[in-house]
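Please examine the sequence and the structure shown below.

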Amino acid sequence: MATEVPYFTNAENGYVPAKLAHRSAASSQPLRLLRFVVNHVIPDTVKFLLQLIPLALSGLVGLVLPSKKKSIHGHTALVTGGANGLGRALCLRLAREGCQVAVVDIDLAGAQRTVEDVRALGVKAEAFLADIANYEAVERLRLEVESKLGPVDVLVNNAGLLAVLSLSEGKPADLERIVNVNLLSHFWTIRAFMPGMITRHRGHIVGIASIAAYFPVGRFIPYTVTKYAVRALMESLNSELRMDGLQNTIQTTCVYPALIATRQQFMDMLDKLNFLKRFYVFTPEQVAEQIIRGVLINKREVFVPSIMALFSKQFDLDEKLAILTPENVADSAIEGMLRGQVDVYAAPFFIRLFMYLSGILPHVLTSLLIQTIMGKVPTLMDRTKKNSRAD
């Protein structure tokens with residue numbers, strides 16, 4: 001049962017502006033900057049460099065020795081959108097690893113065909129009809145899957161709607177459906193299945209995003225926005241698992257595939273746009289192979305093709321940001337707009353520098369940087385206990 005939490009809404013007395021301590025004159029800015037460097041930048045840099053030593057040694061070993069693969073044989077895997085395309089290919093690939101598979105889709109006939117092919121590989125499989133955009137339906141799905149196949153160990157959030165829509169196109173109901181299926185369904189399935197993973201001390205959550213989460217294109221705005229959001233969700237989830245000490249219990253993998261040959265109508269459209277002559281299109285089986293390889297070595301991100309990782313800037317640095325006034329942020333935003341800047345970081349110089357470095361540092365280094373500078377964050381268990389005492 002989800003914990004009740006307050007929302008930051010207007011209270012009975014209306015909006016109450018925050019009060020900050022009196023800001024000193026501009027002449028004291030150098031002194032404040034010096035204190036910030038002495039109290040935060042230097043200690044955090046030293047701590048970061050010290051923690052970097054074992055990481056560097058581990059990386060050197062990894063260059064020589066192959067990554068150790070884990071076994072998911074006998075685990076129960078659930079794949080949303082498993083009736084066709086990439087979802088179907090993932091079900092079959094998981095079956096080859098010895099997983100019993102829950103095939104979830106609104107296309108029950110297609111899901112049953114996938115189940116028949118999965119069973120032919122010698123493992124158990126069941127088809128489930130569920131609208132994963134609905135939270136109550138996902139809760140019913142969890143009970144049904146657990147009764148037929150057992151608790152879920154590998155959750156693959158694959159279902160998605162690909163719509164060629166600009167910002168002003170589509171009915172409101174269409175946009176809501178795209179957001180609900182492509183994004184909110186991830187929230188509902190993770191909420192439903194992750195607690196059991198924590199209890200059993202094992203689990204892997206896979207989120208299928210898109211290379212569009214790094215390289216947005218027009219005419220696909222609703223789709224692209226949801227895939228950006230899936231990327232943010234998986235990054236935030238990974239961060240929270242670390243905060244709660246669960247990084248060795250539950251693994252996450254976010255997938256960024258390029259073009260996949262799924263629906264024929266989509267391929268026909270790309271052909272008319274001359275895309276197929278310019279870009280390589282992967283088969284669902286090729287992408288599924290790369291995804292499961294990544295899962296078996298607990299890879300946090302999988303790019304298909306893998307070379308795309310070299311061109312993807314990763315801004316995931318969680319900093320000790322100074323508390324800014326609305327006027328500070330507004331000034332930075334307007335100044336950036338007047339200069340034609342694409343991104344504006346309303347933060348001190350050192351924070352902006354770290355944000356830039358996060359785009360060029362390898363992902364594991366930025367993760368280490370987060371651990372270095374965040375300080376101790378209360379675990380989920382501690383927060384729950386505190387909320388219970390408050391009640």
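Is the crossing in which α4 passes α5 left-handed or right-handed? α4 passes α5 in a right-handed crossing, meaning that the near helix is turned clockwise from the far one by less than a right angle. The model is predicted, with local features requiring pLDDT of at least 70 and side-chain atom pairs pLDDT 80 or more, while totals for chains, interfaces and linings use all residues. Residues are numbered from 1 along each chain as its sequence is written, and side-chain values use heavy atoms, without hydrogens and water.

**Helix pair α4 and α5**
- Helices (H or I, at least four residues) and strands (E, at least two) are DSSP runs numbered from the N terminus.
- Helix α4 covers residues 135-148, and its axis comes within 9 Å of that of α5, crossing at roughly 35 degrees; axes are lines fitted to C-alpha atoms, for helices over the stretch in contact, and angles run from 0 to 180 degrees between N-to-C directions.
- Y135, V138, E139 and R142 of α4 are in contact (heavy atoms within 4.5 Å) with W188, T189, R191, A192 and F193 of α5.
- Five nonpolar, one polar and three charged residues make up this contact; Ala, Val, Leu, Ile, Met, Phe, Trp, Tyr, Cys and Pro count as nonpolar, Asp, Glu, Lys and Arg as charged, and the others, Gly among them, as polar.

**The sheet**
- Seven strands form an open, parallel sheet in the order β3-β2-β1-β4-β5-β6-β7, where pairing requires at least two DSSP bridges between two strands.
- β3 (125-129) and β7 (301-304) are the edge strands, each with a single partner, so one side of each has no neighbour in the sheet.
- From one strand to the next, the twist averages 15 degrees.
- α6 lies across β5, β6 and β7 and runs at about 160 degrees to β6.

**Strand β5**
- All six residues of β5 (residues 203-208) are buried, so the strand is largely enclosed by the rest of the structure; buried means under 20% relative accessible area with a 1.4 Å probe, protein chains only.
- G203, I205 and G207 cover one side, and H204, V206 and I208 the other, all of them buried.
- Four bridges join β5 to β4 (residues 154-157) in parallel, with H204 as the bridge partner of V154.
- β5 also pairs in the parallel sense with β6 (residues 250-257) over six bridges, and I208 has V255 as its bridge partner there.
- The crossover from β5 through α6 (residues 221-243) to β6 is right-handed: with the strands pointing away from the viewer, the path from the first strand over the helix to the second runs clockwise.

Key. Buried < 20%, exposed > 50% of the residue type's maximum accessible area, 1.4 Å probe, protein only.
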